[in-house]
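The sequence and structure come first.

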Amino acid sequence: MRFTIPKEIKDIADVLEKAGYRAYLVGGSVRDLLLSREPKDWDIATDAKPDEVQKLFFTFAKATADKPATIYENQFGTVGVKTSSEDERLKVVEITTFRIEGKYTDKRHPDEIKFAETIEEDLSRRDFTVNALALSFVEGIAGEIIDPHGGQKDLKEKIIRTVGNPRERFSEDALRLMRVVRLAAELGFKVDKETAKAIQDEAGLLEMIAKERIREELVKIIMTLRAATGIVMLEDYKLLRYIMPELREGIGCGQNKHHIYTVFDHNVRALNYTAEKKYPFHIRLAALLHDVGKPRTKRGEGPNSTFYNHEVVGAKLTIKILDRLHFSKDIVEKVAHLVRSHLFYYNVGEVTEGGVRRFLRRVGPENVDDLIKVREADRIGSGVPKAVPYKIRHLLFMVEKVKNDPISPKMLKVDGGDVMRVLGIKPGPEIGQILSILLEEILDDPSKNTSEHLELRLSELGKLKEDKLSELSRRAQERKEEFESGVEREIKKKYYVK
Ligand code: ATP
Ligand code: MG
């Protein structure tokens, strides 16, 4: 088999070989080459010690690249060599000295790292047979595959299996529990029986793993095409309870007449749709979590059961789950917002332009596309999709129609200064209240957004008695909250709220 290996990699291997060292391509890149997949990164293993690698490549960098390479060594003896490649995957090539790992007392990090003499020793510390493959170089040309653990056979049979005793391998580094699922989802592979049994038995070890590492693997699982299978595998292998226990509340939680799936299955199916569509991460996550609040809000049983407020409860749970996994504030807010807003109601002829403006004010015009994607995932994932694409197209048409209309106090033709001037009042909370009264009127009729009209309204408002004014402000607030709660309550009742 001939492999296409980038020039940068061949050059680096050549430098090592010429200096009398061995160089091998290892890990995921060999696996991916054998599968005819594009490797995500190119890792080289060598018997040269890190300081020797550093010395060699300092000269190499000077001799071959325009700029001298910055070279670093990390705590695991990996040296990064900067190349002049434009390709992200080749900008830094990691060269790791052969090593075997000592005992793991904390189930996370080896107590010590020992350098090894041979590639075979190095391969034996790697996690899975399909990752324990190496490709040798001869004069910078790809040579033979080194496969002491039957990795090629497992690649052919599409099986993930640990190198050596699975129980031991998981107790050395419990993140491998999730790496199995990630790799199986990425490659569409099955998990060897003994390996699968060991995952279930050792699942609890995941509690020892830093949340950041768990999060990284979870993100990778969700970003695969088989994200939904990945989540189901996490559940089957008893891992999900340590990652997103709240999602498990939906297992066996039946729904009403609008659904044929349980809450859990529905969430997973919604995720599946977004993965098939290759949507970005935050949309996939919002689809997976969109109904996470249902089990806690379920009232009644059978076809008429209800889930009032599940989007609000769900958004709170979403924040809790994602904070716990140390997701960035940006992701937490975006996903929670989509979960909170996923239930928007729209029906042609029933929702007015004012309603659409309020919808935009609530969800933010920049989030409309994402929200519609989550909504589509919800619909397809229900198993009984109703024919609504027309409604969505109509909503988009309406959004387009009203998109330049004022939807926030900042877009009014009067500002706080005008309010103070016309009403002769000092800065204070009333200013905001008065602006929201005006905004409520403008949301219904944007043609009134002129300074003449609004100044007139301001002086009228100024003449109102204080209690009348606070009554108006209270009503504006109520109206706002009514829309912010997702759907008008009456409509919710009428449609049982999915
Ligand atoms: P990807 O395609 O995502 O890069 P990969 O298999 O290359 O997948 P990396 O995280 O880049 O995964 O790791 C490179 C190699 O290092 C793996 O193929 C494997 O041989 C080894 N490895 C990585 N993590 C572990 C681990 N936790 N335990 C043992 N070996 C590991
Ligand atoms: Mg890799």
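Glu186 belongs to helix α7, residues 175–187; helices (H or I, at least four residues) are DSSP runs numbered from the N terminus. Glu186 counts as buried because its relative accessibility is 12%, where buried means under 20% relative accessible area with a 1.4 Å probe, protein chains only.

## Basis of the model

The model is predicted: local features need pLDDT of at least 70, side-chain atom pairs count only at pLDDT 80 or more, and totals for chains, interfaces and linings use all residues. Residues are numbered from 1 along each chain as its sequence is written, chains are lettered from A and ligands numbered from 1 in the order written, and side-chain values use heavy atoms, without hydrogens and water.

## Nonpolar cores

A nonpolar core is a set of buried Ala, Val, Leu, Ile, Met, Phe, Trp, Tyr and Cys residues joined through side-chain atoms within 4.5 Å. The largest has 126 residues, of which Ile231 and Met244 touch the most other members. Apart from it lies another core of 11 residues, including Ile119, Leu123, Ala132 and Val163.

## Helix α11

Helix α11 is largely enclosed by the rest of the structure, because 10 of its 14 residues are buried. Among these are Val263, Phe264, His266 and Tyr273. The elements covering the buried residues include α9 (211–222), α10 (227–236) and α17 (368–381). After α11 comes Lys278, with a positive phi near 60°.

Conventions
Helices (H or I, at least four residues) and strands (E, at least two) are DSSP runs, numbered from the N terminus. Buried means under 20% relative accessible area, exposed over 50%, partly exposed in between (1.4 Å probe, protein chains only). Contact means heavy atoms within 4.5 Å.
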